[in-house]
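Me: I have this one open beside me and would like to go through it piece by piece. Could you take my questions as they come?

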Amino acid sequence: MRNLLQLIVRYSNFLLLLGLEVVAFIFVVRGNRYQQVAASGAANAVTGSIQLMQDNVNSYFRLRADNAQLLEENAKLNAEIMHLLNMQENDTNVCRAVYESSTSRFRSNSEGQGAYVSSDLDYTFIPAHVIAYSNDRHHNYLTLNKGSRDGITPDMGVIGKDGIVGVVQTVSTHFSVVAPVIHEGIYISSMISKNNYVATLHWHVPDIRHAELEDVARHVNVAVGDTIVTSGLSAIFPANMPVGVVSKLSLGEGDSYYDIDVQLATDFHSLRTVHILQFAHRNELDSIANR
Amino acid sequence: MAQWFKYIGILLLLLFMQVFLLDNLHWLGLVHPYVYLWAILLLPMELPRWMQMLLGATIGMLIDWFTHSPGIHMAGCVMIAFLRPQLVANYVQDVDRLKGAITINVLGLGNYLRLLAILIVVHHSIVFMLEAFTFYHLGYTLLQILLSGVFSFAFILMLEYVRKNT
């Protein structure tokens, strides 16, 4: 017994090292799990408000780029309205209803920034700013300046002006943390636009412009340049949101699945403003799916 | 007491530099220098070793907190806080009687560079390997360790010279 005690005292530093490393390792393993991406205080008030301060300074230096981005988005929305108005001539009743519902249901939230309701599937779009981000890791994240106060909850989809961005992971009162498409724990249910073949989109380091489309079987008709969109098979994203474009394609002699490279629609280098998708019937859908 | 105020000042400065500047570099997705580990070199040697390791763990957890990477930096910091006195003992005769920070003045330039290089390699290896958590892209991870290590080394030397001359 005394020998054992002496041994423990002699190696106490080494044992402490082992103990602390084990604790750290447990943190790593727990923190890396998909659902807990950023659970360790990522969305808490202290780091959030520091990041917000940082963003307030940074935003002055990129006003020009932000303006350009917003203008571009405006142009796109205008084009869409024109498109809808044109359709209206063809099918007056239906399209007028769609157009009016998407404009007249415009409402304001607490900050006076508009949230607007998409007409077709009861998705509400909540605008948000990216106040911090990473793009050089295996598990990247974005921090947004909207939180539970604005109605954000985990598992909501996030889209940018060009396409899908990611999925909300954790939420605090004023902030939320998003695991973007460029996070190795994220799998996006996607489909090939032209034939509705459903496959899974998954990214891995280091190229943040490209991801892989998995599970596309040999017999499927797919080619470089095909558009990939969301499948709509989850409540996170509605169907037909842009994901990317097939940029490289290969099929070995004996392979039963394609190797497909997809150029992502969203450029994570210059992402500043996004929209969070709030699905009105989420609880209903969850409860009926789990019954 | 004054020594501790100075230390906490330097620590805050390093955290600030790390979180606000270096974590935002994103050079090529490869270079991610970690200069905050200089704070562990500056931990007073007269502290008991368990204390040095606990302080190292705390510094690591602070960084983890800001970078949303639970445990990763804690693991790296604890390891170098443990190794530092062992390594210093190779260069100095009475390591138990050393007081204060480990600096160029204490070790001499050659030994300081050697110590710094070893600690950076150990720390960066742990951090980047744990972050990847796979050996699948091992080449990429090794390149990350190498390039980031070179930049960390240069930055820390710069800081050390600034400290020495003020």
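Me: How many bridges join β8 and β9 of chain A, and which way do the strands run?
Reply: This is a predicted model, as everything below should be read; in it, strand β8 (residues 187-192) of chain A and strand β9 (residues 197-202) of chain A run antiparallel and are joined by 6 bridges. Within that pairing, Ser189(A) has Thr200(A) in β9(A) as its bridge partner.

Me: And which residue in that hairpin takes a positive phi?
Reply: Asn196(A) does, with a value near 60°, in a hairpin that has 4 residues between β8(A) and β9(A).

Me: What about β8(A) with β11(A), how many bridges there?
Reply: β8(A) pairs with strand β11 (residues 227-230) of chain A over 3 bridges, in the antiparallel sense, and Ile192(A) stands opposite Ile228(A) in β11(A).

Me: In what order do the strands close into a barrel?
Reply: The order is β8-β9-β10-β13-β12-β11 in chain A, 6 strands with antiparallel pairing, and the twist from one strand to the next averages 45°. Elsewhere in that order, strand β12 (residues 242-250) of chain A and strand β13 (residues 259-264) of chain A run antiparallel and are joined by 6 bridges, with Gly244(A) opposite Leu264(A) in β13(A).

Me: Switching to chain B, how many helices and strands?
Reply: Chain B has 7 helices and 0 strands, and 55% of its 166 residues count as buried.

Me: How far does α3(B) reach from its first C-alpha to its last?
Reply: Helix α3 (residues 49-67) of chain B, with 19 residues, reaches 27 Å, which is close to the 27 Å expected at 1.5 Å a residue. Just after α3(B), His68(B) takes a positive phi of about 55°.

Me: Which residues of α3(B) are buried?
Reply: They are Gln52(B), Met53(B), Gly56(B), Ala57(B), Ile59(B), Gly60(B), Ile63(B), Asp64(B), Phe66(B) and Thr67(B). As background to a list spaced like that, an α-helix has 3.6 residues a turn, so residues three or four places apart point the same way.

Me: Last one: at what angle do α6(B) and α7(B) pack?
Reply: Helix α6 (residues 109-132) of chain B and helix α7 (residues 138-164) of chain B pack at about 140°, with their axes 9 Å apart. Because angles over 145 degrees are needed to count as roughly antiparallel, that angle makes α6(B) oblique to α7(B).

Me: What handedness does the crossing have, and which residues make the contact, by type?
Reply: α6(B) passes α7(B) in a right-handed crossing, and the residues of their contact divide into 16 nonpolar, 7 polar and 1 charged.

Note on methods
Residues numbered from 1 in each chain as written. Chains lettered and ligands numbered in written order. Predicted model: local features only at pLDDT ≥ 70, side-chain atom pairs only at ≥ 80, totals over all residues. Heavy atoms only, no water. Axes fitted to C-alpha atoms, helices over the stretch in contact; angles between N-to-C directions. Helix = DSSP H or I, 4+ residues; strand = E, 2+ residues; numbered from the N terminus. Parallel < 35°, antiparallel > 145°, perpendicular 65-115°, else oblique. Left-handed = near helix turned anticlockwise from the far one by under 90°. Nonpolar A, V, L, I, M, F, W, Y, C, P; charged D, E, K, R; others polar. Pairing = 2+ DSSP bridges. Expected span 1.5 Å × (residues − 1). Buried < 20%, exposed > 50% of the residue type's maximum accessible area, 1.4 Å probe, protein only.
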